[in-house]
Amino acid sequence: MAKRVLTFAEQREGKFKKSAFEAVRTGRKISDEISAEFLALVIGDENATKLAPELGGYGAEKVIVVQDDRLGSYSLTAYSKVISEVVNKYDVDYIFMSATAMGKELAPRVAGKIDAGFALDCTDLKVEDGEIIATRPVYAGKAFIKVKINSERKIYTLRPNVFTAGESDGKPAEVERFEVNLTDDDFSVVAFETVASTKGKLDVTEADIVVSGGRGLKAPENFKMIEELAEILGGAVGASRAVVDAGWRPHDEQVGQTGKTVSPKLYIAIGISGAIQHLAGMSSSKVIVAINKDKDAPIFQVADYGIAGDLFEVVPALIEELKKVLGKQ
Amino acid sequence: MKIAVCVNRVPDTETRVKIGPDGKTIDKSGVNFILNPYDEFAVEEALKTKEKFGGEVVVISLGGSENVEVIRKALAMGADRGILLKDDSQRDTFSIAKALAEVLKELSPDIIFFGKQSIDYDDQAMPSLVAELLGLPSITVVVKLEINSDGTLIAEREIEGGREKVRGKLPIVIGAQRGLNEPRYPSLKGIMAAKNKPVEEREAPKFDNKTEVIEMLLPPPKKPGRIIGTDASAVSELVRLLREEAKVI
């Protein structure tokens, strides 16, 4: 019998995340390579049904929707039950999700329910002799492991920003409703309110461009430069552990081994020397720029482009230049 | 209240990773091992919970006999007793989770704390998976936790670009994130006292791995970058390169 692949496409507040499209496209691509049937799954309130056809543009011909008013708010316990029931009902062999805040806690719970092995936060998936070989970072990216899952059912979560979603071809997917019987007990934990850290602030793990500052900035108020630069570039603000430990910046901005691991297309490190635990968190960025006074700082070893100068001169000049060329006067 | 906290022993963050002779794990020679940094937040929260509600804090760790070090550290911080699940084999997350779940089931704590992830394999799966195997709810990446005396609780967990508030109730599993608290340093008195606190050693129950590491690789070396200048005059060249060569802005 043909194998089945299911991608859980995450939506929050009536919008798909970009990483959901990446997971759908990747799921479809792998399905084709192993000659499997591909399904996508959307969970939520009536928004879920409205959104589902959009996944067609990313390669899903059929989308299963589990709609329930109570599923409008994310509940780890209810969502993991829904996914497991869909997996059982549709006899799914391979499950893909995004390694987002939601996917990272859902995947292991689903794995526990359906007795599946998993490879989480994957940065590459290859099919060799009909088997999926997953590559995932360990030690915060200081090394990688290639993993094969030997259980019958297999779960993979994909690191956001790494796999390509491509452009939608606009083809709507066929939508199939599936009912799951949910009781109050299934909602033993439920998210009831979201608090944005700053209005409209981009998370470092989701941003295409990250501008990070370190101790070289000398004082917390000098982060205004970093914020301005990030804003001009449409990016997110990151920080080194030193400045987070000093209380200059919130810990959700920390990039590095005990903070967040990022792989944006552009990472700009300003006043960061490049401690090994910081490099681990950002060295998989596609292009790295370093601005630091000390030309021997380790950050220059991973940077594609560097300016070994005084950031208090270089950064304002960079802001002006970017305003000019990007037309944001 | 019966409180459990699971801890792991990991290479410290300054470690330069080298691949070991098996090609599948790191070379441990010369590596300094520490209590997993996120587990410090878990231990601290366990102690704070005990201070509020009374009870006992049990520390559990699975690994070789050297894992006693991290149990002792948690005991020095103030935990009451430890359980070492001895095992020297290479286990995957699922197999470790099953062994932990078996022991935790027997303890049946009201609340179980983990660090949100272990900074070695980084898969952030342990708290959720152990909770599922125990049939308990879980909340992970928790930066704020308020437990009420009736057992209901509200946690805040980090999500992309903010936090979400999650309602739950005991018994529950919590994955602690940096920001949840400020871990205390073990006092000299605490360190002395820890030497006399009981640590029970047991063989870890055996379970099969579901995954197999084929090989461990170092990241491909980056080709050396260019220093394009030493002052603000290099800025226009930098912007040109980012636009025309790297094509990222």
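The legends below describe close-up views of a predicted model. Residues are numbered from 1 along each chain as its sequence is written, and local features are given where pLDDT is at least 70, with side-chain atom pairs counted at pLDDT 80 or more.

**View 1. The contact between chain A and chain B.** In this view, 91 residues of chain A are in contact with 81 residues of chain B, where contact means heavy atoms within 4.5 Å. The two chains bury about 7200 Å² between them, with 58% of it on carbon and sulfur atoms; buried area is the accessible area (1.4 Å probe) that two parts lose on being put together, summed over both.

**View 2. A salt bridge between Lys260(A) and Glu158(B).** The closest N and O atoms of Lys260(A) and Glu158(B) are 4.0 Å apart, a salt bridge being a side-chain nitrogen of Lys or Arg within 4 Å of a carboxyl oxygen of Asp or Glu. Between chain A and chain B the count is 12 salt bridges.

**View 3. Strands S13 of chain A and S9 of chain B.** Strand S13 (residues 190–196) of chain A and strand S9 (residues 162–169) of chain B run antiparallel and are joined by 6 bridges, where strands are DSSP runs (E, at least two residues) numbered from the N terminus and two of them pair if DSSP finds at least two bridges between them. Val195(A) stands opposite Arg163(B) in S9(B).

**View 4. The surroundings of Gly55(B).** Gly55(B) counts as partly exposed because its relative accessibility is 45%, which lies between buried (under 20%) and exposed (over 50%), with a 1.4 Å probe and protein chains only. Not counting residues up to four places away in sequence, Gly55(B) touches Met1(B), Lys50(B) and Asp80(B).

Methods. Chains lettered and ligands numbered in written order. Heavy atoms only, no water. Helix = DSSP H or I, 4+ residues; strand = E, 2+ residues; numbered from the N terminus.
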